[in-house]
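This report describes the fold of a single protein, from its overall dimensions to its local backbone geometry.

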Amino acid sequence: MTQICRICGGAVHKFLDFGRQPLSHAFLKPAEVGKETFYHLAVGICASCTMVQQLEEVSRDLLFGPGYSYRSSGSAVMRKHFDRLAQRFLNRELAGAGRFVVEIGSNDGIFLKTISEGAVAHLGVDPCPRAAEIAADKGVEVLVDFFDEDTATQIRATHGPADVIYAANTLGRLPYLPSALRGVDALLADRGVFVFEERYLGDIVAQTRFDQIYDEQFYLFTVRSVHAAAARHGFELVDAKRLPVHGGSVRYTLARPGVRPQNINVAGFLSQERAQGLGDPATMLAFAERVQHARSRLRTLLRELRDSGQRVAGYGATARCATVATYCGLGPDLVPYICDPSPAKHGRLAPGSHIPIRSPKAFSDPYPDYALLFAWNRADEIMAKEREFRKGGGRWILYVPEVRIV
Ligand code: SAM
């Protein structure tokens, strides 16, 4: 199947098809079975600009409206991460009178809280009203809307140019990325910087992290594809820096051409990606083959455990677990329940697979023989917390970077 690239109009070639998938955040009540919304999750790569993108778009109102439940501040690691970056901006780009920063996807104010405490003019933009209320309680100003070219033009008219525009884990969620980049062009001060961070395709491919592909994550970036998209919109990629968060991310810095020196990191990344074949269709097809292999290994393992009378539970009902459970055909017959700390999910069913979600207390009552760790990105923290499970003979099942028991 060939489609037109959203970024450059080139030909997009499909390399991986997950089939019919539910909305990843739609944990349903038992009475709602049969009323779920499904879409087709497939990803392709542009033969021209190499941008990896989904082939079907889920409406932004369905994904990020009032029902959107993700709150950034739940993670202590991320609170520290954003506080450190905000302090850095306050000491550098935002030092001096009259500075202004805009955050795209400000969620519950996890980043802008520190900026507001530093008494710097700011504006968060986020379409989720409940998240914006939580941010406002922290003293953060939020415009409840989707950032795109129109919104950015209005912000510029009302507030003037922004010295910093920042986005974390949001830009890749915007199928209309060209409109957002035109918006950044309209809003950014001449010497301003646009900084954003996103999960890195290099890590997803190297570690076969196929569950990082789900409804929200429309684009998967490499330095090469970001470099090309930036240039199309009149920006220069002046820095790229690896971050350990979310299983491997990169922080990109864009500026107007010639305004800032380009860090040597950018050339380093580009040559490393070339050597890895990142951006080559053949690399993506090899990744897809590994994903198919992981699916059959996981299904076989879980069937063998069930048939030999072993008790299995899931751990961590993440949004990403929709991709794994639905694509691998896991249901309550193979994974009878998933334990998750979020009270809002208890008594509900995982989207698509309809595996019941239980509170973390159920995990030790009694411990299962095996626990399938959906929240693998927090493996160290979870395994340390659940050391009694391991001491009692329990074993963890991981599926990233390959299916294995530890
Ligand atoms: N930046 C936070 C972080 O890294 O934890 C939140 C990331 S969350 C995964 C994505 C956020 O982007 C959500 O709060 C969502 O409501 C918001 N969002 C989605 N589309 C947006 C848009 N067009 N403009 C601004 N925010 C958007």
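Helices (H or I, at least four residues) and strands (E, at least two) are DSSP runs, numbered from the N terminus. The model is predicted, so local features need pLDDT of at least 70 and side-chain atom pairs count only at pLDDT 80 or more, while totals for chains, interfaces and linings use all residues. Residues are numbered from 1 along each chain as its sequence is written.

**Overall architecture**

The protein contains 13 helices and 18 strands. Its radius of gyration is 22 Å, close to the 22 Å that the globule rule gives for 406 residues, so the protein is as compact as a globular protein of that length. The radius is taken over C-alpha atoms, and the rule is 2.2 Å times the number of residues to the power 0.38. Along the principal axes, the C-alpha atoms fill a box of roughly 65 × 50 × 40 Å.

A residue is termed buried if 20 or more other C-beta atoms lie within 10 Å of its own, exposed if 12 or fewer, and partly exposed in between, with C-beta atoms placed from the backbone. Of the 406 residues, 46% count as buried. Two residues are in contact if their C-beta atoms, placed from the backbone, lie within 7 Å. Among contacts with a separation of 6 or more, 70% join residues 24 or more positions apart.

A nonpolar core is a set of buried Ala, Val, Leu, Ile, Met, Phe, Trp, Tyr and Cys residues joined through C-beta atoms within 7 Å. The largest such core has 121 residues, and those with the most contacts inside it are Ile 165, Ile 338 and Ala 350. Beyond its neighbours within four places in sequence, Ile 338 is in contact with residues including Ala 350, Ile 355, Ile 357 and Phe 374.

The buried residues of helix α2 are His 81, Phe 82, Ala 86 and Phe 89. Seen down the axis of α2, these fall within an arc of 125°, so they line one face of the helix; the arc is that of the directions from the helix axis to the C-beta atoms. On the other side of α2, the exposed residues are Ala 76, Val 77, Lys 80, Arg 84, Arg 88 and Asn 91. The cover over the buried residues of α2 includes β5 (100–104), α3 (112–117) and β8 (162–168).

Two strands pair if DSSP finds at least two bridges between them. Six strands form an open sheet of mixed pairing, in the order β15-β14-β13-β16-β17-β18. Its edge strands, β15 (357–358) and β18 (404–405), each pair on one side only. Strand β14 (residues 338–339) pairs with β15 in the parallel sense over two bridges, and Cys 339 stands opposite Arg 358 in β15.

**Backbone exceptions**

Most residues other than glycine have a negative phi, and most peptide bonds are trans.

| Cis peptide bond | Omega |
|---|---|
| Asp 365 to Pro 366 | near -10° |
| Val 400 to Pro 401 | near 0° |

Pro 366 is placed in the loop between β15 and β16 (370–373), and Pro 401 in the loop between β17 (395–398) and β18.

Asn 169, in the loop between β8 and α6 (177–187), has a positive phi near 55°. Asn 169 is buried, with 20 other C-beta atoms within 10 Å. His 246 lies in the loop between β11 (236–243) and β12 (249–255), and its phi is near 50°. With 19 C-beta neighbours inside 10 Å, His 246 counts as partly exposed.
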